[in-house]
Amino acid sequence: MKHYEVEILDAKTKDKLCFLDKVEPNATIGEIKSMFHKSHPQWYPARQSIRLDPKGKSLKDEDVLQHLPVGTTATFYFRDLGAQISWVTVFLTEYAGPLLIYLLFYFRVPFIYAPKYDFTASKHWVVHLACMCHSFHYVKRLLETLFVHRFSHGTMPLRNIFKNCTYYWGFAAWMAYYINHPLYTPPTYGEQQVRAALIIFLFCQIGNFSIHITLRNLRPPGSKTRKIPYPTKNPFTWIFLLVSCPNYTYELGSWLGFTLMTQCLPVAFFTLVGFIQMTVWAKGKHRSYLKEFRDYPPLRSPILPFIL
Amino acid sequence: MALAADAVPREGGQTPAAGSAAMSAPAMGTSRPAVADGALGRKRGPGALAAAYLVLYNVVMTAGWLVIAVGLVRAYLARGSYHGLYYSIEKPLKFFQTGALLEILHCAVGIVPSSVVLTGFQVMSRVFLTWAVTHSVREVQSEDSVLLFVVAWTITEIIRYSFYTFSLLNHLPYLIKWARYTFFIVLYPMGVTGELLTIYAALPYVQKTGLYSITLPNKYNFSFDYHTFLILSMASYIPCRGRRSWATWRTTAKWNERAATLHPNAVGSGPPRITYAC
């Protein structure tokens with residue numbers, strides 16, 4: 001068997017960082033990364049970006065050496081992606097925060113509201129309902145992170161955890177402050193409004209969960225394959241006929257429900273900002289689907305049927 | 001009056017412009033004719049029509065701020081004192097400073113190669129001081145701090161807009177380029193001081209009257225305290241203006257280094273690619 005030689009150069013300075021000889025032709029980039037890690041222990045595989053071209057796209061861990069357009073002496077370029085943190089860690093941290101923070105406000109822990117309100121309870125039942133819904137939402141997210149989602153990337157840059165936690169925790173505190181405030185004003189249309197909002201919220205929570213399960217089932221455990229998602233027997237997935245990323249659609253719906261339920265402007269802001277971000281993601285995902293699959297259903301929109 | 005190095009527009013601090021407002025008016029990159037020299041991957045410059053419009057825009061703005069300058073001098077000479085000069089130029093100040101909002105549009109449309117976000121923050125900070133502080137809190141209009149930032153803005157803008165005008169016409173006198181870099185050293189701190197003192201002066205009145213504030217309870221379960229907001233704005237000057245000053249200092253140093261090697265009296269020595277390095 002003819003062995004390859006692999007040299008790894010720094011993408012910016014073109015310095016020779018590593019030379020590997022006697023590399024098997026069927027070695028994967030992932031294995032090469034591990035070998036590189038041995039000679040440079042500070043660059044664990046997750047923070048290595050290996051490319052064929054200094055300015056090119058990163059090669060995938062699954063790519064096999066002999067199938068790449070390289071000679072028997074392969075030259076790769078390396079870029080440090082910076083300190084990495086696992087997606088699971090980030091998700092757990094960013095979701096645990098809102099769960100706990102909201103409860104601090106709900107139980108009116110000292111130093112938030114005037115001392116006479118410490119550890120008192122709201123007299124409005126919608127406030128209790130809102131707490132249950134909010135908590136349910138984040139517990140669901142935590143459980144999905146642990147048991148449902150199959151991530152295509154293991155890690156993200158470390159600075160993301162600060163950015164993401166600021167966003168989630170900050171908004172959670174802002175919303176919770178007003179909903180649990182002693183001077184909170186319940187919705188204008190009373191029980192009718194709250195009931196309708198609860199139905200919307202629950203419907204969308206189930207819908208969102210259904211989509212997550214469907215997406216998980218597209219991907220065998222440990223794999224990173226990508227397939228077109230289709231509607232299943234579950235009616236909540238029939239929205240795939242019209243939308244590429246119905247998980248985001250349902251998420252928007254949930255927060256609209258929560259906004260209606262609490263009639264709280266900060267919640268509306270949070271919904272809006274989330275919607276903008278999810279639209280950006282949905283459009284990107286939709287575009288990748290179109291690029292990757294010739295037979296992608298043409299009727300689908302990224303996030304809102306026929307609209308967006 | 002900060003300038004980035006005339007390198008790739010992304011140079012030096014593409015940091016998120018968290019309120020990175022500057023004393024001088026928003027970035028308006030020089031226009032280049034559509035055939036940009038070696039400008040691979042840079043934002044497209046304006047076409048001929050857009051270039052003509054930009055020349056007109058910059059001429060009008062230069063003239064406007066000159067009107068304000070003349071107005072200040074005349075009022076001073078007439079009254080014999082510094083106090084209350086704001087009232088003599090209130091209208092043109094509001095008009096031309098607000099007009100700078102167009103510069104955001106220029107970036108968005110692409111006829112000016114600057115960042116929409118950065119330009120937006122910078123214009124909005126000026127507009128905020130003009131309308132939400134000085135105009136809204138009548139009592140601060142007679143403060144001397146207002147004169148401090150108005151003078152700083154006026155001189156800066158006259159230089160900046162004439163700089164852009166000449167650059168667009170590809171005939172930039174070295175004097176203007178020099179002035180832009182050099183005056184910044186005095187004008188920027190002067191402007192920042194004036195702005196901070198004005199906001200500070202407005203605080204008691206805002207608190208007393210509850211200006212622009214919303215209290216609980218209300219049916220949208222929202223509150224906003226303008227007094228606290230103003231204090232936070234003042235605090236934000238430290239990271240934002242600090243970052244801006246540092247970036248400009250670096251740029252000026254780089255420019256001086258380059259100018260030292262090139263012929264210093266070259267007229268129209270190429271319009272630099274300008275984006276704000278903050």
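Visitor: How many aromatic pairs does a search of the whole structure find over all chains?
Guide: The search finds 47 aromatic pairs. This is a predicted model, in which local features need pLDDT of at least 70, side-chain atom pairs count only at pLDDT 80 or more, and totals for chains, interfaces and linings use all residues. Residues are numbered from 1 along each chain as its sequence is written, chains are lettered from A and ligands numbered from 1 in the order written, and side-chain values use heavy atoms, without hydrogens and water.

Visitor: Why is the aromatic pair of Phe201(A) and Phe258(A) called tilted?
Guide: Rings of Phe, Tyr and Trp (its six-membered ring) pair if their centres lie within 6.5 Å; planes under 30 degrees apart are stacked, over 60 edge-to-face, and the rest tilted. Here the centres are 6.5 Å apart and the planes 45°, so the pair is tilted.

Visitor: What does this pair tie together?
Guide: Phe201(A) lies in helix 5 (residues 190-218) of chain A and Phe258(A) in helix 6 (residues 246-262) of chain A, so the pair ties together parts 57 residues apart in sequence. Helices are DSSP runs of H or I, at least four residues, numbered from the N terminus.

Visitor: What makes Cys133(A) count as buried?
Guide: Buried means under 20% relative accessible area, exposed over 50%, and partly exposed in between (1.4 Å probe, protein chains only). Cys133(A) has 5% relative accessibility, so the residue counts as buried.

Key:
Helices (H or I, at least four residues) and strands (E, at least two) are DSSP runs, numbered from the N terminus.
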